[in-house]
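Have the viewer ready and follow along.

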2 protein chains.
Amino acid sequence: MSAKSLAEKLLAGNRRALGRAITLVESTRTDAGLQKDQLLQTIMPRTGQSVRLGISGSPGVGKSTFIESVGSKLIEQGYKLAILAIDPSSPKTKGSILGDKTRMQDLAADQRCFIRPSPAGRSLGGVARRTRESILLCEAAGYNFIIVETVGVGQSEVAVAGMVDQFIYLQLPNSGDDLQGIKKGIIELADSILINKADSDHLNAAKRSKVDLELALNLLYKNNTVEKPKVQLVSAKEKTGIDTFLDEVFEKITALKDKGDFSHRRSQQAIEWFKSEVSELVLETVSAKKAFRENYLTLEKEVESMTLSPTTAAKQFIGTIGI
Amino acid sequence: MSAKSLAEKLLAGNRRALGRAITLVESTRTDAGLQKDQLLQTIMPRTGQSVRLGISGSPGVGKSTFIESVGSKLIEQGYKLAILAIDPSSPKTKGSILGDKTRMQDLAADQRCFIRPSPAGRSLGGVARRTRESILLCEAAGYNFIIVETVGVGQSEVAVAGMVDQFIYLQLPNSGDDLQGIKKGIIELADSILINKADSDHLNAAKRSKVDLELALNLLYKNNTVEKPKVQLVSAKEKTGIDTFLDEVFEKITALKDKGDFSHRRSQQAIEWFKSEVSELVLETVSAKKAFRENYLTLEKEVESMTLSPTTAAKQFIGTIGI
């Protein structure tokens, strides 16, 4: 199918066209490049208007159940929902962690919801790039609420936080986990921290956890003008706290739009994306040169044996690769 | 002075030559480049054998007094000590925070100690590069114990931790500060956390702080095979805990050398340095091209107005700059 007719079907809201379009942007085939660019170019004017929510949390914290609860509420309210996943660990596990569609059975069966598992076998940079483009495709296909899910691994949270409007960290009622989140610097990225499983069996533990976490946050944000993340109790299973959570998400989006900050933020995110894409492409292009591959290892050996200083070696190297 | 005669004087342990050599590597004059490379090349075989210690901590925590206490012990033991500073905040404060030699009066007056304040007005990348080269110059001049000091700001700790054998975090007896360190991810870099001012007035607070911090670390490192940082009490003012601290530093170095890991680590650090230097130089060289400057802003504007997707714009851009 040509990029033009794929774009037409996509803009008409065709689900299969959306699936094919995402497969196209995920493709690493070099001959897919031109088609990909034409497609993105055609749909650009119809992108950027959805609410984008990032959700992170360690495996086992109940992300799927939580997304099911949030998702069914959104669909009831008339939203068209798309769920994308970033999982840099998937190359190891063959994409199984977030790739398993059976995790969200109700949503998977609903035609108003589009679920796309994480592509496996890529670097985080590659996965992040494809996810950003997939967000644009979903928006062009008429999806006006996008959830980007990630497991709490490495730098994927930073990537997701940079492409969404609000970033949510889900955790269990357990003080060890509280500190894990703080330790990994995720708490700093989060707009909200939700303590899940605040239901019949674990309500008291969850309440204690909330008190502990708020105490820790008060200390961390002492003398700090940055807004602290808000701590809330939810139960994805018993569907409590979900309405309050969603009301606040929409309140924040409305406040952003009222101040005129919403489109500005989208533009700034696009500029950041362009900048990092340029750096990555420069390094990719230069390292693919024959001279690069030939000379790098030779100089690295000299550096390793401490016969050449790293800065001198780097300067010599740059001189030989013809840029 | 030619690079050759400067190198000769430096290798003979001449302090003025060391000062001039550091000024040379700090120079941004393009005509200094060749001389710099010749100098580094000549001294390389005489580098890499010192003990390198990184020390971080917020302003006011007592780093200067601590370094004076540690430094005078080292000099008593016959070490030749060099103290270098990385302070990415210095461009703002004109280098005053770590640039003030009067901070360490006893050491500054001692001919067996060489103190070099942080160069002001540079990017962290630039400052880190110059500090790495200054370490090599100090080693070549016969200094066999190097302390690299940094304030607890941004990424400077990561840079310092990557160039030393052991990284020390100094803090006050105050649980807010404990959490600050954890929040900023510094604790993860630290081999030791020292609680300073554990003296007559603050001993009880310091002891409580140690208990709290060890409790937090136990939680953080639960199910983790990585070695936890060790928490120790010191008083830089009353010079308590300094001997124990130094004994452990040397024990660890001896253990590394006995296992043959010391030189391997030096080589790995050099390779990492080479790699990051190559990336930086590639990006610097490419962004200095005329076509880069001319085309970047045009495309950035299109990205900002959301008429061009960031990936498409980046690809178009790379096509125009001739690499």
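## A ring cluster

Phe274(A), Phe292(B), Tyr296(B) and Phe317(B) are joined into a cluster by ring pairs. Rings of Phe, Tyr and Trp (its six-membered ring) pair if their centres lie within 6.5 Å; planes under 30 degrees apart count as stacked, over 60 as edge-to-face and the rest as tilted.

This is a predicted model, in which local features need pLDDT of at least 70 and side-chain atom pairs count only at pLDDT 80 or more, while totals for chains, interfaces and linings use all residues. Residues are numbered from 1 along each chain as its sequence is written, chains are lettered from A in the order in which they are written, and side-chain values use heavy atoms, leaving out hydrogens and water.

Over all chains, the structure holds 20 aromatic pairs. One of them is edge-to-face: Tyr79(A) with Phe145(A), 5.8 Å centre to centre and 80° between the planes. Here 66 residues separate the loop residue Tyr79(A), between helix 4 (63-76) and strand 2 (81-86), from Phe145(A) in strand 4 (residues 145-151); helices (H or I, at least four residues) and strands (E, at least two) are DSSP runs, numbered from the N terminus.

In chain B, Tyr79(B) and Phe250(B) are stacked, with 5.1 Å centre to centre and 15° between the planes. Phe250(B) belongs to helix 13 (residues 242-258), 171 residues from Tyr79(B). Phe250(B) is buried at 16% relative accessible area, whereas Tyr79(B) is partly exposed at 22% (buried means under 20%, exposed over 50%, partly exposed in between; 1.4 Å probe, protein chains only).

## Charges over rings

Lys80(A) lies over the face of Tyr143(A), 4.4 Å from the ring centre. Likewise, Lys257(A) has its charged end over the ring of Phe262(A), at 4.7 Å from the centre. The criterion is NZ of Lys or CZ of Arg within 6 Å of the ring centre and within 35 degrees of the ring normal.
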